[in-house]
Amino acid sequence: MLKIDNLTAEVDGKPILKGLALEVGAGEVHAIMGPNGAGKSTLSYVLGGRPGYEVTGGSVKLAGVDLLELEPHERASLGLFLGFQYPVEIPGVSFVQFLREAVNAQRKARGEEAYSGGEFLKVAKEKAGLLRLDMDMLKRPVNVGFSGGEKKRAEMVQMGILDPKFAVLDETDSGLDIDALRVVGQGINEIMREPGKGVLLITHYQRLLEYVQPDKVHVLADGRIVKSGGPELAQRLEDEGYEAVTA
Ligand code: ADP
Ligand code: MG
Ligand code: MG
């Protein structure tokens, strides 16, 4: 589903990704863990096509399509979803308005009919219910004044509405209390645990992986995958630390 080969990328002329290789099969969830500054967020930005993150070599294919040739909005229309470590605030634009425009732009790009107001609200209510987020929150400007947990739950509502094929979630668990963590974890399972979908879950902590059980766990250090294993690797990393496990 996602195939990354020998990927190198730099920011401000500084090499950050240094020959990263990774393959996620359809129906799989892979976790990426690693020390601060390893390049985890850089990987998610490169996959999304964020300006300033320059790919200098290698390839990335999503369902056989060369992702690096596409503009960010084309990647999204193809079914790529990026969850951000720090969700942006957009004053003056309500969340429902933002979500409806986003999903309809993608549906049109795929040749599907846009959701009517009624259809959209039905889907939005269903996904908000799944994430236990009050619909009133979604009438407010995007993320403005939201708590950390509300931002993450709103982002998962967004993911549910967009219904992507592949999601890259960067520290979706940061700033969540135990209850929100469970709700978000269940939401990820509900939305993304399907045969034709895939997830790359970037996290510092093992606890999210108790709810969203990964098929594989990878350690990213200094711009490369330095170790891969099953779910037990996450627990070992937390118990023993990155240096001890990857030495
Ligand atoms: P991680 O998410 O694993 O903590 P990042 O991908 O955020 O790591 O960062 C990897 C490295 O790239 C760090 O050394 C960081 O300082 C650098 N870096 C990331 N983004 C930028 C940027 N926009 N400008 C300069 N350096 C950056
Ligand atoms: Mg970090
Ligand atoms: Mg990061």
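Colleague: What covers the buried residues of helix 5?
Modeller: In this predicted model, the cover over the buried residues of helix 5 includes strand 6 (80-83), helix 3 (95-109), helix 4 (117-130), strand 9 (166-170) and helix 6. Helices (H or I, at least four residues) and strands (E, at least two) are DSSP runs, numbered from the N terminus. Contact is taken to mean that the C-beta atoms of two residues, placed from the backbone, lie within 7 Å.

Colleague: How many residues of helix 5 are buried?
Modeller: Helix 5 is mostly covered, with 11 of its 15 residues buried. A residue is buried if 20 or more other C-beta atoms lie within 10 Å of its own, exposed if 12 or fewer, and partly exposed in between, with C-beta atoms placed from the backbone. Among the buried ones are Lys-152, Arg-153, Glu-155 and Leu-162.

Colleague: What span should helix 5 have?
Modeller: At 1.5 Å a residue, the 15 residues of helix 5 (residues 148-162) should span 21 Å, and the end C-alpha atoms are 21 Å apart, which agrees. The expected span is 1.5 Å times one less than the number of residues.

Colleague: Which residue follows helix 5?
Modeller: Asp-163 follows helix 5, in the loop between helix 5 and strand 9. Its phi is near 50°, a positive value in a residue other than glycine. Asp-163 is partly exposed, because 17 other C-beta atoms lie within 10 Å.

Colleague: What about Asn-6, and where does it lie?
Modeller: Asn-6 lies in strand 1 (residues 2-11). Asn-6 has a positive phi of about 45° although it is not a glycine. With 13 other C-beta atoms within 10 Å, Asn-6 is partly exposed.

Colleague: Turning to helix 8, which residues are buried there?
Modeller: Leu-233, Ala-234 and Leu-237 are buried in helix 8 (residues 232-240). They cover an arc of only 105° around the axis, so they are on the same side of helix 8. That arc is taken over the directions from the helix axis to the C-beta atoms. The face turned away from the buried side carries the exposed residues Glu-232, Asp-239 and Glu-240. Strand 3 (29-33) and helix 9 (242-246) are among the elements that cover the buried residues of helix 8.

Colleague: Which residues surround ligand 1?
Modeller: The shell includes Val-11, Asp-12, Gly-39, Lys-40, Ser-41 and Thr-42. A residue is near the ligand if its C-beta atom, placed from the backbone, lies within 6 Å of it. Helix 1 (residues 40-48) gives the largest share of the shell, 3 residues.

Colleague: How many of the shell residues are nonpolar, polar and charged?
Modeller: The shell divides into 3 nonpolar, 7 polar and 2 charged residues. Ala, Val, Leu, Ile, Met, Phe, Trp, Tyr, Cys and Pro count as nonpolar, Asp, Glu, Lys and Arg as charged, and the others, Gly among them, as polar.

Colleague: Is Asp-179 buried or exposed?
Modeller: Asp-179 is exposed, because 10 other C-beta atoms lie within 10 Å. Asp-179 is found in helix 6 (residues 178-192).

Colleague: How should I read the numbering and the confidence limits?
Modeller: Residues are numbered from 1 along each chain as its sequence is written, while chains are lettered from A and ligands numbered from 1 in the order in which they are written. As this is a predicted model, local features need pLDDT of at least 70 and side-chain atom pairs count only at pLDDT 80 or more, whereas totals for chains, interfaces and linings use all residues.
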